[in-house]
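Subject: Structure handover

Hello,

Here is the structure we discussed, for you to look through. My notes come after it.

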Amino acid sequence: MAISLTESAAKHVAAQLKRRGKGMGLRVGVRTSGCSGLAYKLEFVDEKKPEDVAYDLHGVTIVVDPKSLPYLDGTVLDFTREGLNEGFRFRNPNVKDQCGCGESFNV
Amino acid sequence: MTLMQIAEPDEAPAARLRRRAVGIDLGTTNSLVATVRDDGIAYVIPDDEGRPLVPSIVHYGEGATLVGYDAAPRQSPDPQNTIVSVKRMMGRGLADLTDDRRFPYRFVDGPGMVRLATRAGTKSPVEVSADILRALRERAERRLGGPIDAAVVTVPAYFDDAQRQATKDAAKLAGLPVLRLLNEPTAAAVAYGLDHGIEGTYAVFDLGGGTFDISILKLTRGVFEVLATNGDSALGGDDFDHRVFCWILEAARVPPPSPEDARLLLLRSREAKEMLTGHDAAPIVATLSTGQRIDLSLTAANFSTITRTLVEKTLAPVRRALRDAGLRPDALQGVVLVGGATRMREIRRAVAEFFGQPPLTNLNPDEVVALGAANQANALAGNRERGEDWLLLDVIPLSLGLETMGGLAEKIVPRNSTIPVTRAQEFTTWRDGQTAMAVHVVQGERERVADCRSLARFELRGIPPMAAGAARIRVTFQVDADGLLSVSAREQTTGVEASVTVKPSYGLGDDEIARMLQESFDHAADDMAARSLAESRVEAEAVVNATESALAVDGDLLSADERGAIDDAVAAARHACGREDTAAVRLAVESLNRATAAFAARRMDRGVARALAGRTVDSLA
């Protein structure tokens, strides 16, 4: 079970953490919501919980709660620019379909 | 897939696992707030002096608003600015307060709900109730150490939509996150069922300060099902006080008292009543503003005599509820007493006699509703452990339906349906080319709309022109867990839709619901006849309409004689509709049908001929 992070994503995470001034890393996870079942969670981490799994990737700490891990196994977190927008993108091999608005997905 | 940004951590769920949940019994005379301890035991939160109750009294003083015990002493000196029994005014118009001579207030008739002129300005019953709820909220927050996350507020089972909405509004105004409203007897059953694990069929006899509710409940493995509810929304301990009050006026020959004196004597009446639950006589001593001194003794026997009709008045709804549930009085495993007024020996005796067993009284009858509400709030807030899930089923007190042709009420959701509930039924258009339909939502048990209570009206427009009966309009009734109703109508082919959420149609008489129920039993036969008459009239009109449109199109198929015969039959049918005679209407419709039989056949032939005209046999094959 593992997830990974592209170098460009890692650079942005590090930069945003620095700008924020606190936080030990990035939490990725899934929660139930949206129109199709699950949605991704992307948050700063101030405190790691005992059950969390942590990865050190390109100098950035990524924290995942164990319940989310199976949904995210093999996922690559990327940072991309699309037209005027830029942001993080989950490349998740587990996703079977997602809803039209792109907010939620199913595995 | 959208691009995501990093969000701030959502700390709330991890920081505090247990949510602050309270149950509130907003009573006519007294209110309470309860919560559930970590060990699962519910308790009523007392004030700093250890008193569990908050008298439902609000005093609007110079610059300050007092609630509860602080407000109580102001009743006698300042009755117009000291509001008691505000629950009786919730969701009510001035016209509904038929016994308003018993309220010493300056009423202002406002849109929908009555308002009270006080020193602090014009107050609606919702605002006054919110002041009581706010005091309860603050008490709970002091005890629990932070803002309330979830609240369950109880209402009498007989509260209609307007009264429930008014209660919700009051809670919102007081800053309480109300998860749901719960019927008071159901809350009592929650308290008893969970604390004692009793299974079986039970009656909850709830005689509070201002309302009486009887509920028949079935408890099985932690699942509560309400089999029937009934009651009287204007009968309670206050009425017993009033009987004693009248007795004092008579016994001491008091001339009509001033509002202050009336308040004082009512207070003395209540004290005497409470004393008689444990004593055989109670002294009544008071000095009126006129200087008259009252010194009487009310004996238990005397009290029984003057309140006998009130005690008997509670038994009629009990019988009706049992009949609705299809049970005999001796079929119950127990009777739960709720409400301070059930401490009266007269009530306990009457209940024991009626059901043939002594009632259950192990929980404090004043607290049991609040305790049950706290259990419910705790469960809804998610504080329960896995596996402790339980379901709570409530019922609607009166059938919900809509008006159909001829002024008949079509019931969509029958009374005593468990809620939340969704029911749908298809209707159709009545006239050719009809493009709109009026939906009139009614509540009640009677067959004719005129005898039911009107809840709301709305129109569905944009129905495509079609022959009568071709449109398919699905009307959906949805009653949520709080007993609030929303109705929507949708034309199935085009999807045009219209809906209404029943806004508080403040303005139903206090006794109305009880009366409506009683009348539906009393008038069952009349209603049946009225329904037959209305139905036959609708059919007659439909046949007359169809005949006239046929005459307009194909009238040339008839000879003058034939035409005359049909015209006569149409006139006869019209005439019959004007009379109150179902048989005559049916007869007239039948003869009209006979008179037009030959005409109909000829029209059919012409239709076929038109369809075939100019075609050869080959082209049809």
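The notes below go from chain B as a whole to some of its parts, and then to a hairpin in chain A. Please keep in mind that this is a predicted model.

Chain B overall. The chain has 621 residues, of which 52% count as buried. Its secondary structure comprises 15 helices and 28 strands. Taking the contacts in chain B with a separation of 6 or more, 67% are between residues 24 or more positions apart. The chain exposes about 27,300 Å², and 50% of that area comes from carbon and sulfur atoms.

Helix H3 of chain B. This helix covers residues 161–173, 13 residues in total. From the first C-alpha to the last it reaches 18 Å, close to the 18 Å expected at 1.5 Å a residue. Its buried residues are B:Asp161, B:Ala162, B:Gln163, B:Arg164, B:Gln165, B:Ala166, B:Thr167, B:Ala170 and B:Ala171.

B:Leu612 belongs to helix H14 of chain B, which spans residues 597–612. Its relative accessibility is 41%, so B:Leu612 counts as partly exposed, between the limits of 20% and 50%.

B:Arg51. This residue sits in the loop between strands E3 (42–44) and E4 (54–55) of chain B. B:Arg51 also counts as partly exposed, because its relative accessibility is 26%. Leaving aside residues up to four places away in sequence, B:Arg51 touches B:Pro46, B:Tyr69 and B:Arg139. For one of these, B:Tyr69, the C-alpha lies 9.6 Å from that of B:Arg51, with 18 residues separating the two along the chain.

The hairpin in chain A. Strand E4 (residues 53–57) and strand E5 (residues 60–64) of chain A run antiparallel and are joined by 5 bridges. Across this pair, A:Tyr55 stands opposite A:Ile62 of E5. The hairpin has 2 residues between the strands, and A:His58 takes a positive phi near 50 degrees.

Regards

How values were computed
Residues numbered from 1 in each chain as written. Chains lettered and ligands numbered in written order. Predicted model: local features only at pLDDT ≥ 70, side-chain atom pairs only at ≥ 80, totals over all residues. Heavy atoms only, no water. Helix = DSSP H or I, 4+ residues; strand = E, 2+ residues; numbered from the N terminus. Buried < 20%, exposed > 50% of the residue type's maximum accessible area, 1.4 Å probe, protein only. Contact = heavy atoms within 4.5 Å. Areas by Shrake-Rupley, 256 points an atom, 1.4 Å probe, with all protein chains shown as cover. Expected span 1.5 Å × (residues − 1). Pairing = 2+ DSSP bridges.
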